[in-house]
Structure formats: C-alpha cells, structure tokens
Amino acid sequence: MSEAKLDKPVINNDNGLTNIISVRNFNFFYGDFQALYDLNLEIPKNNVTALIGPSGCGKTTFLRSINRMNDLIDTSKYEGDIIINGKNIFEPGYDVVELRKKVGMVFQKPNPFPKSIYENIVYAPRLHGLRDKNKLMEIAEKSLKAVALWDEVKDKLHKSAMGLSGGQQQRLCIARAISIKPDILLMDEPTSALDPLSTSKVEELMRELEKNYTIVIVTHNMQQAARISDFTAFFYKGVIEEYDKTSTIFTNPSNKKTEEYINGKFS
Ligand SMILES: Nc1ncnc2c1ncn2[C@@H]1O[C@H](COP(=O)(O)OP(=O)(O)OP(=O)(O)O)[C@@H](O)[C@H]1O
C-alpha cells in the first residue's frame with residue numbers, strides 16, 4: 001500500500017553528517033506576533049542548505065536569528081536554542097562580536113561600502129586588529145580569488161567598488177564576508193537583484209565555497225534551490241513543514257504542502 005501523503009511536519013535530521021548548527025525548540029516573536037514555531041533542525045557543515053517557502057513564512061527571520069541580527073529589533077523575543085559549534089548563541093555572556101565573525105552575511109542587494117575594492121575587503125580584518133599591510137593585501141587577493149573576481153579587478157583595487165557591475169559587487173560582498181574566515185555564510189536571496197549571467201556565476205561560486213564554508217541561503221527560486229543546495233527546509237506560516245535532502249524534497253516530498261509549493265500551486 002502506498003503511504004498516504006502526510007500533512008504534518010516531516011523533519012529528517014538524520015543526515016549522517018557533522019552538523020554545525022543545531023536548532024532546538026526555537027520560537028520567535030515580534031512583539032505579540034509569533035513568526036516562528038518550534039523549529040528543530042540540524043544543519044550540516046560544508047553543505048548548502050536552502051530555506052524555501054511563500055512570502056512572509058519566516059525564512060529571513062530564521063536566517064537573521066542565526067547571527068542574532070534580530071537583536072537589533074526592540075520588540076523581538078525568542079525561546080529555545082541555536083547551537084553553533086557546540087555553543088548556545090543565546091547563552092548569557094555569549095560574545096556577539098565573535099558570533100558575527102563566525103557567521104557572515106550576504107544580503108539581497110549588493111551593498112559594498114562606498115570605498116575602494118581593497119578597502120571593502122580589508123575593512124573587517126582591520127577592525128579585528130590586523131595592521132600588517134602585506135597580510136592585508138594577501139587577504140584581499142585570497143578573498144577576491146575565492147570569488148573569482150581577482151582577474152577582473154586586480155588592476156583597479158584602489159578604485160571605488162561602486163564602479164563595479166551589480167554581479168561583481170555581489171561577489172565583492174561575498175569576498176568581504178569571507179575575509180575574516182567565517183564558518184558559516186548566511187545568504188538572503190543573494191541573486192534576486194542580479195541578471196542571469198551574474199546569477200549563474202554566484203551559483204557556481206556557492207558550489208565552490210561549500211568546500212570551506214557552510215552556506216544557508218534563502219531563495220524564492222525553486223530551480224536555484226534544486227540546483228545549488230544539498231538540503232532544503234520548506235517553511236510555511238512560521239513552521240518548518242519539511243526538511244530533507246534537496247533531491248527528496250524536489251522528487252518525493254512527504255508533505256502535501258511541500259509538494260504543492262514546489263509544483264507552483266501557491267507562491
Ligand atoms: N521587524 C518586524 N516587525 C514585525 N513583524 C515582522 C518584522 N519582520 C518581519 N515580520 C513579520 O514576520 C513574518 C515573517 O517575515 P519574514 O521576513 O521572516 O518572512 P520571509 O519568509 O522571509 O518573507 P519574504 O520571502 O517575503 O522575504 C511576516 O509576517 C512579517 O510580516
């Protein structure tokens with residue numbers, strides 16, 4: 001007998017991999033409004049995990065919880081734990097500056113600083129105390145090479161980053177994020193403002209970066225999630241309805257809502 005499609009959350013955390021982020025009974029509130037309900041998931045190291053789901057279902061709220069960006073919102077409240085590298089990030093005394101060093105973020109719209117390409121990359125290493133000019137140049141070169149931007153910009157490192165194309169700016173922002181060697185890169189729809197060619201460059205880049213970084217990406221683009229991610233969490237009204245290998249989510253989802261969403265029955 002074929003199994004009936006379940007309509008309750010299906011979370012497959014049994015991935016056999018080393019997990020870098022563990023989310024336990026996590027609830028999140030904006031004032032009286034509850035945006036996330038009882039999230040429980042394990043995010044594996046050196047893989048790409050995609051967060052998908054209709055607008056307003058809580059993907060960005062969850063992403064921004066991972067580096068405590070939501071702390072900036074006065075009315076925000078949370079319950080539960082997010083454990084990164086074995087430490088609960090909400091524990092009293094947890095160093096948020098250290099957390100942001102370990103967990104970098106790339107936003108929807110490229111947002112380079114209005115400074116030179118070089119200054120964009122070395123900003124964070126300098127902020128963390130590095131002064132040695134040779135070392136800073138080494139970091140600039142390494143970071144730009146890692147995002148395949150070095151050849152395009154090596155002759156104009158001291159020119160304004162604002163003169164780069166949108167796609168180049170986004171790769172620069174990724175280079176800036178990795179300049180301090182985070183463990184995790186959070187990406188909030190990083191290609192939604194880019195043209196198709198720049199999008200495919202950033203997608204290629206993610207595949208390359210996952211060798212050294214754990215990537216968690218919010219995307220509205222189903223094809224993109226299917227192409228670039230190893231694991232996918234489907235969010236619906238603040239609940240993770242299904243979490244599994246991307247291939248399972250896209251070919252054999254257990255939850256009817258997941259199936260309907262990936263087949264475009266609602267958006
Ligand atoms: N600063 C805020 N204050 C109050 N409510 C908020 C705030 N930010 C988000 N929300 C609400 O929380 C819910 C989840 O929003 P969130 O942005 O996390 O969803 P999302 O899935 O990322 O949406 P989208 O795909 O449109 O970006 C929504 O109902 C939204 O209106």
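In the predicted model, Thr232 has Asp244 as its bridge partner in strand S11, a contact that belongs to the pairing of strand S10 (residues 231–236) with S11, in which 6 bridges join the two strands in an antiparallel arrangement. S10 and S11 form a hairpin with 2 residues between them, and Lys237, which lies in the turn, has a positive phi of about 50°. Strand S11 is also joined to strand S1 (residues 10–11), here by 2 bridges and with the strands running parallel; within this pairing, Val10 has Glu242 of S11 as its bridge partner. Of the 7 residues of S11 (residues 239–245), 5 are buried, so this strand is largely enclosed by the rest of the structure.

The UniProt record, an unreviewed entry, carries the annotation "domain: ABC transporter" for residues 21–262. In the model, this span is 38% helix and 27% strand, and the C-alpha atoms at its ends lie 25 Å apart.

Note on methods
Residues numbered from 1 in each chain as written. Predicted model: local features only at pLDDT ≥ 70, side-chain atom pairs only at ≥ 80, totals over all residues. UniProt positions renumbered as here; feature names shortened; annotations may be inferred. Helix = DSSP H or I, 4+ residues; strand = E, 2+ residues; numbered from the N terminus. Buried ≥ 20, exposed ≤ 12 C-beta atoms within 10 Å, placed from the backbone. Pairing = 2+ DSSP bridges.
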